[in-house]
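The sequence and the coordinates are shown first.

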Amino acid sequence: MKLTDLLYEDVKPIWDGYLEHPFVKGIGDGTLSLERFRFFMLQDYLYLYDYAKVFAIGVVKSKDPELMRHFSQLVYDTLNGEMEIHRKYMARLGITEEEVASVKPSLVNTSYTHYMLEIGHTEGILELLVSILSCSWSYQQIGATLNRIPGASEHPFYGEWVRGYTSEAYVSDNQTIIDLVNRMGNNCSEEEISHLKDIFRNCSRYEALFWDMSYNMDM
């Protein structure tokens with residue numbers, strides 16, 4: 001089995017829970033309150049800045065020019081692709097630049113991003129990639145699941161979110177991370193795989209907490 005298959009198998013019960021979460025289901029059927037989505041957008045926007053910083057650490061740590069280019073592209077795509085979806089939504093929700101600048105990250109948000117940044121700073125590139133993968137891959141799977149709900153991708157408000165995480169560009173970026181993890185983890189020992197599973201499981205648990213935080217609007 002590929003490394004990503006082993007990682008996914010280990011967290012599948014957690015990921016299955018995302019699909020049953022009221023926040024995610026509310027996007028799929030269009031019933032999620034705008035108040036909750038607004039809270040999520042602001043927190044996720046802050047999250048993505050640190051997410052991009054983890055990729056930037058990959059640029060700094062890489063010795064292979066091709067790998068540097070991969071990380072550099074992922075930084076660009078996060079700041080100018082994924083975050084553009086957020087900016088469009090924030091404009092529709094009446095969120096100003098001043099409000100964005102004044103928002104503080106929640107406790108869950110801070111804990112999650114600090115964990116990824118700590119992995120990035122103190123461990124190797126493979127560990128860094130695995131810490132990122134839980135977010136990028138699970139969002140692709142959530143988007144694909146919601147896209148199968150009749151009318152979800154055409155919803156006048158939430159449809160753009162569903163389309164964004166099923167877009168060719170997003171799927172391509174996620175596949176880049178999956179391919180890098182499998183290539184770099186091809187000869188990992190059982191001990192190394194166990195450690196990578198711990199990182200992936202921790203980040204998957206943080207993703208579940210992020211959905212809880214967004215639905216309950218907890219700071």
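In which helix does Val60 lie? Val60 lies in helix H3.

## Basis of the report

The model is predicted: local features need pLDDT of at least 70 and side-chain atom pairs count only at pLDDT 80 or more, whereas totals for chains, interfaces and linings use all residues. Residues are numbered from 1 along each chain as its sequence is written, and side-chain values use heavy atoms, with hydrogens and water left out.

## Overall fold

The protein chain contains ten helices and zero strands, and its pattern along the sequence reads α-α-α-α-α-α-α-α-α-α. Its radius of gyration is 17 Å, close to the 17 Å that the globule rule gives for 219 residues, so the chain is as compact as a globular protein of that length. Helices (H or I, at least four residues) and strands (E, at least two) are DSSP runs, numbered from the N terminus. The radius of gyration is taken over C-alpha atoms, and the globule rule is 2.2 Å times the number of residues to the power 0.38.

The C-alpha trace spans about 45 × 35 × 30 Å along its principal axes. Of the contacts (heavy atoms within 4.5 Å) between residues at least 6 apart in sequence, 83% join residues at least 24 apart.

## Surface and charge

The protein chain exposes about 10400 Å², of which carbon and sulfur atoms supply 53%; accessible areas come from the Shrake-Rupley method with a 1.4 Å probe, and for residues only the protein chains shown count as cover. Buried residues account for 49% of the 219 residues. Buried means under 20% relative accessible area, exposed over 50%, and partly exposed in between (1.4 Å probe, protein chains only).

The 19 positive and 32 negative charges have mean positions 2 Å apart. Lys and Arg count as positive and Asp and Glu as negative, while His and the chain ends are not counted; the place of a charge is NZ of Lys, CZ of Arg, CG of Asp or CD of Glu.

## Nonpolar core

The largest nonpolar core has 71 residues, and those touching the most other members are Ile27, Phe37, Phe40, Trp161, Val181 and Trp211. Helix H3 gives the most to this core, with 13 residues. Such a core is a set of buried Ala, Val, Leu, Ile, Met, Phe, Trp, Tyr and Cys residues joined through side-chain atoms within 4.5 Å. Apart from residues up to four places away in sequence, Phe37 touches Phe23, Ile27, Leu32, Tyr89, Leu93, Phe157, Tyr158 and Trp161.

Asp50 lies in helix H3 (residues 34–61) and counts as buried at 17% relative accessibility. Beyond its neighbours within four places in sequence, Asp50 is in contact with Thr113 and Leu117.

Val60, also placed in helix H3, counts as exposed at 70% relative accessibility. Val60 and Ser189 are 129 residues apart in sequence and 26 Å apart in space, C-alpha to C-alpha.

Pro105 is in the loop between helix H5 (97–102) and helix H6 (107–122), and is partly exposed with a relative accessible area of 39%. Not counting residues up to four places away in sequence, Pro105 touches Gln43, Leu46, Thr110 and Met219. Pro105 and Gln43 are 62 residues apart in sequence, yet 6.1 Å apart in space, C-alpha to C-alpha.

Met217 is in the segment after helix H10 (190–216). Most residues other than glycine have a negative phi. Phi of Met217, however, is near 55°, a positive value. Met217 is partly exposed, with a relative accessible area of 30%.
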